[in-house]
Amino acid sequence: MVRIPVFVAFTLAAVVAASPLLQNSLVTDGDVNVQESWGYVDCGLPEYPIQLESITVSPDPPKPGETLTVTVKAEVFELIEEGASADVTVKLGLVKLLQKQFDICEEARNANATVQCPIEPGNYTVVQSVDLPKEIPPAKFVVSVRGYTVDEDDLACVDLKIDFMKKFPSINLGW
C-alpha cells in the first residue's frame with residue numbers, strides 16, 4: 001500500500017485543498033467505511049497488489065483552515081516500481097472539478113514521504129499532513145482514485161468522500 005497510502009494522503013490533502021470530495025452515496029461491493037462527514041470505499045479486488053487495511057484522518061471530521069493528517073495502512077504484495085501511476089477524479093455532484101494522472105513515485109519523492117520507490121512487498125503505514133485552506137466551500141466532494149503499475153495493470157482502487165457542509169448544533173428550545 002506503499003504508493004497508495006502516499007497517494008491517498010495526497011489525494012485527501014491536495015485534492016481537498018484544491019476542492020474536496022464526495023457526493024451522495026457510493027455503491028460498491030467493497031468495504032464501506034463511513035464517518036459522519038467523511039468515508040471511503042475500498043473498491044479494489046483481492047488480486048490487486050495493494051490491499052487497503054484502513055484510512056484515518058485527524059482532525060475527524062476534517063476542517064477547513066486546519067492541518068489534515070491522513071494515515072493509510074495497507075499491505076503490498078508485489079514490487080511497486082518507478083512509473084506506477086494513479087488517476088484521480090474529484091467531483092462536486094455531477095461536476096468534475098479535477099481529473100489528473102499522478103506519478104506515484106514522483107509524488108512520494110516531492111512530499112519526502114517515508115515510503116519511496118521501489119516499494120517491496122510488506123505491510124506499510126504512511127502518514128501525511130497537509131494544511132487545508134480555510135476557503136474550502138461548504139460542499140460534499142467525491143474523489144475516485146485508481147492506481148496502476150508501471151505495466152498499467154490494476155494496483156489499487158479507493159473512492160473517498162468528504163462533506164464540508166456546515167453542521168449546525170441542535171437547539172433544544174424546550175417546547
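Biologist: Hi! Is Leu92 buried, partly exposed or exposed?
Modeller: Leu92 is partly exposed, at 32% relative accessible area. Keep in mind that this is a predicted model.

Biologist: Thanks! Where does Leu92 sit?
Modeller: Leu92 belongs to strand β5.

Biologist: Let's switch to charge. Which residues gather in the patch of negative charge?
Modeller: That surface patch brings together Glu47, Glu78, Glu81, Asp151, Glu152, Asp153 and Asp154.

Biologist: Pick one of them for me. Where is Glu81 found?
Modeller: Glu81 lies in the loop that runs between β4 (67-76) and β5 (85-92).

Biologist: Buried or exposed, then, for Ala84?
Modeller: Ala84 is buried, with a relative accessible area of 1%. The cut-off for buried is under 20%, so a value of 1% falls within it.

Biologist: Which residues does Ala84 touch?
Modeller: Leaving aside residues up to four places away in sequence, Ala84 touches Phe102, Asp103, Ile104 and Cys105, along with Tyr148, Thr149, Val150 and Leu155.

Biologist: Back to Asp154 from the negative patch. What separates its C-alpha atom from that of Ala84?
Modeller: The two C-alpha atoms are 10.0 Å apart, while Ala84 and Asp154 are 70 residues apart along the chain.

Notes: Residues numbered from 1 in each chain as written. Predicted model: local features only at pLDDT ≥ 70, side-chain atom pairs only at ≥ 80, totals over all residues. Heavy atoms only, no water. Patch = residues over 30% accessible without salt bridge, like charges linked within 9 Å, V, L, I, M, F, W, Y side chains within 5 Å. Areas by Shrake-Rupley, 256 points an atom, 1.4 Å probe, with all protein chains shown as cover. Salt bridge = Lys/Arg side-chain N within 4 Å of Asp/Glu carboxyl O. Lys, Arg positive; Asp, Glu negative; His and termini not counted. Charge placed at Lys NZ, Arg CZ, Asp CG, Glu CD. Helix = DSSP H or I, 4+ residues; strand = E, 2+ residues; numbered from the N terminus. Buried < 20%, exposed > 50% of the residue type's maximum accessible area, 1.4 Å probe, protein only. Contact = heavy atoms within 4.5 Å.
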